[in-house]
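Hi there,

Here is the model I promised to pass along.

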Amino acid sequence: MNNLIQVDNISVIRDRKQILSNVSLEVGVNDFITIIGPNGAGKSMLLKCLMGFYQPDSGAVACSPNLKIGYLPQRLVADLTMPITVKRFLQLRKTTNPNELTNVIDETQIASLLSLPLYVLSGGELQRVLLARALLDQPQLLILDEPAQNLDVSGQLAFYKLIEKIHLERKLAVLMVSHDLHLVMSSTKKVVCLYHHVCCSGEPQVVTQDPEFISLFGNDMARLMSVYHHTHDHAHEDHHV
Amino acid sequence: MFDGFIIRAIIAGVGVALVVGVLGCFVVWRRMAYFGDSLAHSSLLGIALGLLYGFSVNIGIIIVCSVFAVLLVWLQHKHILATDTLLGILAHASLSLGMVALSFLDYIQFDLHSYLFGDILTITNTDLLWIYLGGGAVLTLLILNWSSLTLMTIHEDLAKAEGVRTFRTQLLLMFLMTIVVAFSVRIVGILLITSLLIIPAATARQLAKTPESMAVTASILGVAAVLLGIFGSLQFDTPSGPSIVTAASLLFLILFPVLKLRSSLQKTGHT
């Protein structure tokens, strides 16, 4: 198998509700896939099936042997009741050599945070620490669940840039659930638009013109996306209503 | 200079304190205080069964508390009622059932008061064996699963993604609590077990910078509370279990504001 993960026609029914219906997806080496979809579309469930937390009711998920996945949760709410420093958190349940640790710390720019308790970090700092932890295993695939949801706009931009840089430098595959398609447009190779089933998928500029995408997100979103895709090198006077 | 029963009490109390300090940290971090309390309440039914059928009270407690924990996990998965509601139902149902069962035991002499509040001064050698074998097993399992448990406490899905079998680990933690409840009943009694779990851990929170140092500090504070409690109890002729918990609470009351002040002074010193 050449793909890292191969999802064949999986369906999930929970409490008599169809969460996923016949979803197929391939994650190849060095892919950069962004999954978009409205709230409750089954995006998180799809990730859970991919990582083996949840068995789909039908269909199959196959992973390449020895696949290492780095997972970045939506957010981490560091609890005040547990005293733990960033450094200790990074080393918890990990056997990393010091060189690797130093590399990852540099890569995610968290050197200045190491001795701080986890609960004093800002949203952006926490996400970078989580990213560092995910990278410590040298994964071939990074799975991110709305990683920038709790960041402000500049924080989102910086975080997505970092992900793109790591994707290019480490040549690892990225699978990300994100609402910020306009911010990840340039790095995304493939967009999967999910609403219980795969509505449409393909290259970003193709997907944003797909009628299913437009019906799901509305004309405004589609127009916004196409504007973004023209990378701001010319103005769109005619788009003003 | 000390009588045998005092020495046994000290050995027992120190053993229990060492274990509950470590386990208590997880109770504080994972917000299991109400669970611990409910588990302890249900142990009265275990005591009744043990006395009724003539096997060890400790075995009775472990059986009833394990059933309690499994029942709770099963009901939680049904997602119909909130966990605190379920705990309230299970705890008081088994407490009442325990009292009802005990009322059939009028032919056996037992001291209900000592089960409710503990009686460390009547510890036997069998009790000591339970505390040190059971406590040793609990500590060993806690240390072996330490990083999985800690990671799972920080973020459950993250732990899952990194290969921790979270469901199994959670059940393990519940089971360890049933063992600790079983052998702590003799020391502080059903009603006070939770306080022994959470007060030293809560006091240790301000002193510690890592999860590990918090666990060690909680154990040391627990031992201090037990020693102070036992000597206080002998000195002032007060009940031993409540004296130990009073000592633990005093340590908390004295240390908490002092440490809070110290850490806020350090903060202003830095900026």
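What percentage of the 271 residues in chain B is made up of buried residues? Buried residues account for 47% of them, where buried stands for 20 or more other C-beta atoms within 10 Å of a residue's own, with C-beta atoms placed from the backbone.

Some housekeeping before the rest. This is a predicted model, in which local features need pLDDT of at least 70 and side-chain atom pairs count only at pLDDT 80 or more, while totals for chains, interfaces and linings use all residues. Residues are numbered from 1 along each chain as its sequence is written, and chains are lettered from A and ligands numbered from 1 in the order in which they are written.

Now the fold. Chain B has 12 helices and 0 strands (DSSP runs numbered from the N terminus: H or I of at least four residues for helices, E of at least two for strands).

On to the interface. The contact draws 19 residues from chain B and 15 residues from chain A (a contact puts two C-beta atoms, placed from the backbone, within 7 Å). On the chain B side, α1 (4-29), α7 (146-154), α8 (156-161) and α11 (211-236) each supply at least two residues.

Enjoy exploring!

Key. A residue is buried if 20 or more other C-beta atoms lie within 10 Å of its own, exposed if 12 or fewer, and partly exposed in between; C-beta atoms are placed from the backbone.
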